[in-house]
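Hi,

Here is the structure I promised to pass on. Have a look at it first, and then read my notes below.

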Amino acid sequence: RKATNFQKDIYPDTYSYESSLDSAEWFGGKDADKKTIAMNPKDNPYSTNEYKESNIKVKERQPETKLPSRVSSPKQLKEQNDEFRERIKKLEKENFQLKQKLAELEEEKNGEKVEEKV
């Protein structure tokens with residue numbers, strides 16, 4: 001069915017992120033129903049249309065190294081060797097640039113003046 005407004009029967013209230021009891025109450029034997037929140041964005045205190053920057057830092061996974069298939073002919077070995085040489089050049093250039101950027105950021109953090117080396 002099509003609708004332009006929120007349909008409460010399709011999206012009923014759900015459990016809240018907040019606990020109904022704190023640990024002392026729970027260990028004291030108290031029991032309480034779970035808190036619920038509305039799924040309607042207008043009524044939900046957690047929903048927002050604003051972008052919020054998170055303090056959570058996500059570690060990026062190291063990509064898997066993709067190695068070419070093994071070859072035995074001299075022609076294929078030469079081609080593979082050339083590909084590896086080109087790849088090494090690119091990686092060394094990227095590594096140098098990243099080290100330079102890291103050094104700049106560390107110098108800025110420490111309040112040192114960043115000078116370009118010629």
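Let me start with E25, which is partly exposed at 31% relative accessibility. E25 pairs with K30 in a salt bridge, and the closest N and O atoms there are 3.8 Å apart. K30 is partly exposed too, with a relative accessible area of 47%. Keep in mind throughout that this is a predicted model.

Now the overall picture. The protein has two helices and two strands, and from the N terminus on they run β-α-β-α. Of its 118 residues, 7% count as buried. The accessible surface comes to about 12,600 Å², with 50% of that belonging to carbon and sulfur atoms. If you take contacts between residues at least 6 apart in sequence, 24% of them join residues at least 24 apart.

Back to the charges. A search of the whole structure turns up three salt bridges. Besides E25 and K30, there is E18 with K35, where the closest N and O atoms are 3.5 Å apart. That pair links distant parts of the chain: E18 sits in the loop between β1 and α1, K35 in the loop between α1 and β2 (36–37), and 17 residues separate them. Both are partly exposed, E18 with a relative accessible area of 43% and K35 at 37%.

Then there is D82 with K78, at 3.3 Å from N to O. These two lie in helix α2, four residues apart, or about one turn of the helix. D82 is partly exposed at 39%, whereas K78 counts as exposed at 54%.

So which residues does S16 touch, beyond those up to four places away in sequence? They are K35, T36, I37 and Y46. S16 lies in the loop between β1 (14–15) and α1 (23–27), and its side chain reaches the backbone nitrogen of E18 at 3.0 Å. S16 counts as buried because its relative accessible area is 15%, under the 20% cut-off.

Q80 is another buried residue, also at 15% relative accessibility. You'll find Q80 in helix α2 (residues 74–109), in contact with P68, S69 and V71 once its neighbours within four places in sequence are left aside.

Last, the surface: I10, Y11 and M39 form a nonpolar patch with about 280 Å² of accessible area together. Y11 is in the segment before β1 and is partly exposed, with a relative accessible area of 45%.

Cheers

How values were computed:
Residues are numbered from 1 along each chain as its sequence is written. This is a predicted model: local features need pLDDT of at least 70, side-chain atom pairs count only at pLDDT 80 or more; totals for chains, interfaces and linings use all residues. Side-chain values use heavy atoms; hydrogens and water are left out. Buried means under 20% relative accessible area, exposed over 50%, partly exposed in between (1.4 Å probe, protein chains only). A polar contact is a pair of N or O atoms within 3.5 Å; within protein, one must be able to donate a hydrogen and the other to accept it, and residues adjacent in sequence count only if both atoms are side-chain atoms. Contact means heavy atoms within 4.5 Å. Patches are made of residues with over 30% relative accessible area and no salt bridge: like charges are joined within 9 Å, nonpolar side chains (Val, Leu, Ile, Met, Phe, Trp, Tyr) within 5 Å. Accessible areas come from the Shrake-Rupley method with a 1.4 Å probe; for residues, only the protein chains shown count as cover. A salt bridge is a side-chain nitrogen of Lys or Arg within 4 Å of a carboxyl oxygen of Asp or Glu.
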